[in-house]
2 protein chains.
Amino acid sequence: MLGMNKKALAILMRTKMRPLSPASQSKISHMQLSPGGGNKLSTQNANASINTEREFEVVRESMNSAITMNKTEVLDALLNDFSEGYFSLSGENRRKLLLTLAREHDLNRTQVHELIKQYLGLEIPHAEPTNHEEESRLAAFYRVERNLRQALKPMYEVLFERLNTHPGGLKFLSTIRADIVSILEEESIASLRALDSYLKEKLITWLSPAALELHQITWDDPASLLEKIVAYEAVHPISNLIDLKRRLGVGRRCFGYLHSAIPGEPLIFIEVALMKNVAQTIQEVLWDDPPIPECEATCALFYSISSTQPGLKGINLGKFLIKRVIDLVKKDMPNISTFATLSPIPGYMQWLLSKLASVERSGSTFRENILEPEEERSLLDVLQESADGKNAMEIMWNLLTSTNHEWTKSERLISVLEAPLMRLCARYLLKEKKRGRALDSVANFHLQNGAMVGRLNWMADQSEKGLLQSGGIMVNYVYRYIYSPELENIEENAQSYFSTGHIHASCDVSRFVETGRSMM
Amino acid sequence: MLGMNKKALAILMRTKMRPLSPASQSKISHMQLSPGGGNKLSTQNANASINTEREFEVVRESMNSAITMNKTEVLDALLNDFSEGYFSLSGENRRKLLLTLAREHDLNRTQVHELIKQYLGLEIPHAEPTNHEEESRLAAFYRVERNLRQALKPMYEVLFERLNTHPGGLKFLSTIRADIVSILEEESIASLRALDSYLKEKLITWLSPAALELHQITWDDPASLLEKIVAYEAVHPISNLIDLKRRLGVGRRCFGYLHSAIPGEPLIFIEVALMKNVAQTIQEVLWDDPPIPECEATCALFYSISSTQPGLKGINLGKFLIKRVIDLVKKDMPNISTFATLSPIPGYMQWLLSKLASVERSGSTFRENILEPEEERSLLDVLQESADGKNAMEIMWNLLTSTNHEWTKSERLISVLEAPLMRLCARYLLKEKKRGRALDSVANFHLQNGAMVGRLNWMADQSEKGLLQSGGIMVNYVYRYIYSPELENIEENAQSYFSTGHIHASCDVSRFVETGRSMM
């Protein structure tokens, strides 16, 4: 074990201790190859374009064979060729190839129509046959139904299934899906969208929680695994070795979901701090406070959850991970009674700034004043010298967009901005929706898992990223208090969020958005 | 590690070191509960039958809720209730419940018909739309197609999916399937057969090799795992601790496939002996010869492969296991050039005896004499005193069915029976088919994996079981000689076996069944 640690240490010392840029991540794993990006071809010269065309044909050929070939020994080599070939393709050629797959290896619709004709020709037999003839009529009916079901499966399913059982294939499928997702973000292509939803369904089956192993990541894990944690940590970058070691040490936990076909690399991982109280700032979790003795902890704080595979977008592994971690921690540490997050609010500033700007642009007659009168007054009071005939919203916009977040260096500005920023943040989290769901992606994630919005924390993340995303505000989503039986049932929150879009929030947060005057 | 071994030892010492009877196996795991067996109910009194009826209704209720319930937190409890309830049901009630599932939670055929109508109403749009309108027509078409595909999924899929993600659920599903398989062996019920083939397909997806972990089982493994090896070893029962330790020691390997949802229990495992030559008798593998130094081995002999889950019947995990073990051994030990089995021939005696008996029963005019003239003569010569006007086939039948296999105690009888038994065994293996496949189940397994019939071994397994099954004959199936390039491609054998039923055999074995006179 000691040997392992030394080796891990040696390798980690060489590793850059910050998240890698997309380009350098691709060196760690094929997963990260940046996909799509259609217009690269146009900048290349004609010669290169002939070469790419030839290259494309070779990969297309291997893909076709990988679908139609029946000798599985040859198949292994074919699938290797195909995946290697795929990785060598330009973004434009990948797009072309995926379209070929979606369009040319779709259903055999003539066959579907024939089977439908056959199916409609049969009367639905009685499900409980009373004699042998009825029994065999029923059997025939099931057979046709089964054939129809089979015929409705696109031919590209064969490729997916084959890749799934091929070494490295599951990971390759996740790369392919990452490319598809990125293409569909740029343009809407019906056949590719149909392929994407089919592949997503398959991935959901293959990555069912039953096939995933919950692994506690510790300082004793191989450096190759820890390196992935450093590379993929998406919420609070790991700044150095001491930072990483602290996140895996006393008073801390880190759990990941591993799949046996993607060894040594968690698909998703979560970082937990064991604390006396629900933390209000990320500083106290990551830097300021030394960990408390674990036996004194009453709160498990989830302060970071990162998914490592862009190809698994829309597949909610996090929900199962959080549920299992809560169960595990509850069992191991009965003193822990609170499970909560300390989460970023990634979309708040973007929303607020565009709101301030659009109100500004619209005429004065119908414009919504998103500030309360007191807030407006305080802003104008404080900034009267520089106000210069501008209105309060304009001033606020200027403050929030100032270089280096100047406002955070003035006690006075901080105190005058706190009221409107906190109140509008609550409004953003509780009221701003998109297709019935919370506009903020992190909020939507925790709400659909059944958490409630627990508390907003002022100046909770003063990092560049934190100020840029949310003016430094962070939120605690609360999963479960053991002593509040009405909150025991996470699923009821999730259910009502799904069906009505209702966002469950504590009084603390709700009061911000109560109608009538602000309570602050 | 030493502590582990001591503990393992202590537990193993208490374990009965022989395969458990089906009844006592059920104490190890629910998996083994013997299912079906319809007629138990009739022997119970009316009171008990009312109780069982009530019990049945409770389980049926929990099953229905487990399918329709949408609150997943409640769902966990429901699925637990359902699986506990299921295990408490009598065979007859399980049968009733499974029929309810197959019939009442089938498709919504009204919906299917509606969607088909909608589907047929749409013309198939061009796959490469040229304008926005065509694009959205195509999207609508895919949507309807997807809905139809969805509607063709039986409702019981929800139960399967939910159980699969529920702790212990995958194993429970395998129990359910074991029960279904056993019911279908007794009677053919179309709706249950449709359910079975659907569940089997699901299990194949969930147990894809990508989701399985290849684990080398050693003496350092937990006793709870080794206990399973002892309990499930289906070919050559493990007689005591020394036997088990030897099978895991020097010159031996044991590999199993583990699934993370069924921890501590391989789904299938294979035992390998590293030898100088392909063994001719099981005695030399299990008992007689001390293992050779591993560096001297040139042959990996697969002498036992056991699947532990009757519910996975028809799902060929063994093929993948053998392939991976061959790859692994080849990589680790480049000196190994031969991969072969030493296999039982479980159906030979049963086939031969019924052949001898049926020839006997049929009239003398058209009867097939399955013995060669020389064989007949030797038999009559040796047994002239007791022949008593009987013909050679009758004599052979009597010898083979004599109590305690008397014939194996006489050198003379052994030598006179060798020629016909070996020749007929080759015929049984190479020529006797059922639906185009080898009649013998073990032969069919290895042939469909791409092995060839290599050599028949006389008096290779003189255990009671060996004599009863195959008159003591064993067979070597050969997977691959490194120095015979024409045999390199296992898949080609498998392919030609699948498509034409052709059984690939060595000259050694083929000559037994050549037309014309026997070569012996």
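Visitor: Okay, where is A:Ile414 found?
Guide: A:Ile414 is in helix α19 of chain A. Keep in mind that this is a predicted model.

Visitor: Is A:Ile414 buried, exposed or partly exposed?
Guide: Partly exposed, because 15 other C-beta atoms lie within 10 Å of A:Ile414, and a residue needs 20 or more to count as buried.

Visitor: What does A:Ile414 touch, if I skip its neighbours within four places in sequence?
Guide: A:Ile414 is in contact with A:Trp407 and A:Thr408. There's also A:Trp458, which is 44 residues apart from A:Ile414 along the chain, with 9.8 Å between their C-alpha atoms.

Visitor: Back to the helix. Which residues of α19(A) are buried?
Guide: The buried ones include A:Val416, A:Leu417, A:Pro420, A:Leu421, A:Cys425 and A:Leu429.

Visitor: And where does α19(A) kink?
Guide: At A:Glu418, shortly before the proline A:Pro420, by about 40°.

Visitor: Let's talk core. How many residues are in the largest nonpolar core, and which have the most contacts inside it?
Guide: That core has 242 residues, and those with the most contacts inside it are A:Leu301, A:Cys425, A:Leu429, B:Leu301 and B:Cys425. Helix α19 of chain A gives the largest share, nine residues. As background, nonpolar side chains tend to be buried together in soluble globular proteins.

Visitor: What does B:Cys425 touch, not counting residues up to four places away in sequence?
Guide: B:Ile345, B:Tyr348, B:Leu456 and B:Ile473. There's a second, separate core too, with five residues, among them A:Leu148, A:Leu152, B:Leu148 and B:Leu152.

Visitor: So how do the chains meet? How many residues does each give to the contact?
Guide: Chain B gives 41 residues and chain A gives 41 residues. On the side of chain B that touches chain A, α7(B) has the largest share, with eight residues.

Visitor: Now α10(B). What covers its buried residues?
Guide: The cover includes α7 (132-151) of chain A, along with α5 (91-104), α8 (156-164) and α9 of chain B. Among the buried residues of α10(B) are B:Ala194, B:Leu195, B:Asp196, B:Tyr198 and B:Trp206.

Visitor: Switching to strands. Which way do the residues of β5 in chain B point?
Guide: B:Thr338 and B:Ala340 point one way, B:Phe339 and B:Thr341 point the other way, and all are buried. Strand β4 (residues 299-307) of chain B runs parallel to β5(B), and four bridges join them. Within that pairing, B:Ala300 stands opposite B:Phe339.

Visitor: And over in chain A, where is A:Leu258?
Guide: A:Leu258 is in strand β2 (residues 252-259). A:Leu258 counts as buried because it has 20 C-beta neighbours inside 10 Å.

Visitor: What is A:Leu258 in contact with, beyond four places in sequence?
Guide: A:Leu212, A:Glu213, A:His215 and A:Pro266. A:His215 is 43 residues apart from A:Leu258 along the chain, yet their C-alpha atoms are separated by 6.9 Å.

Visitor: Backbone question: which residue other than glycine has a positive phi?
Guide: B:Asn404 is one, with phi near 55°. B:Asn404 is in the loop between α18 (392-401) and α19 (411-431) of chain B. With 9 other C-beta atoms within 10 Å, B:Asn404 is exposed. B:Met459 is another residue with a positive phi, near 55°, and it's in the loop between β8 (452-457) and α21 (464-470) of chain B.

Visitor: Is B:Met459 exposed, buried or partly exposed?
Guide: Partly exposed, because B:Met459 has 17 C-beta neighbours inside 10 Å.

Visitor: Last one. How many helices and strands does chain A have?
Guide: Chain A has 24 helices and nine strands. Of its 520 residues, 37% count as buried.

Notes: Residues numbered from 1 in each chain as written. Chains lettered and ligands numbered in written order. Predicted model: local features only at pLDDT ≥ 70, side-chain atom pairs only at ≥ 80, totals over all residues. Core = buried A, V, L, I, M, F, W, Y, C linked by C-beta atoms within 7 Å. Buried ≥ 20, exposed ≤ 12 C-beta atoms within 10 Å, placed from the backbone. Helix = DSSP H or I, 4+ residues; strand = E, 2+ residues; numbered from the N terminus. Contact = placed C-beta atoms within 7 Å. Bend = angle between axes of the 7 residues up to and from the residue. Pairing = 2+ DSSP bridges.
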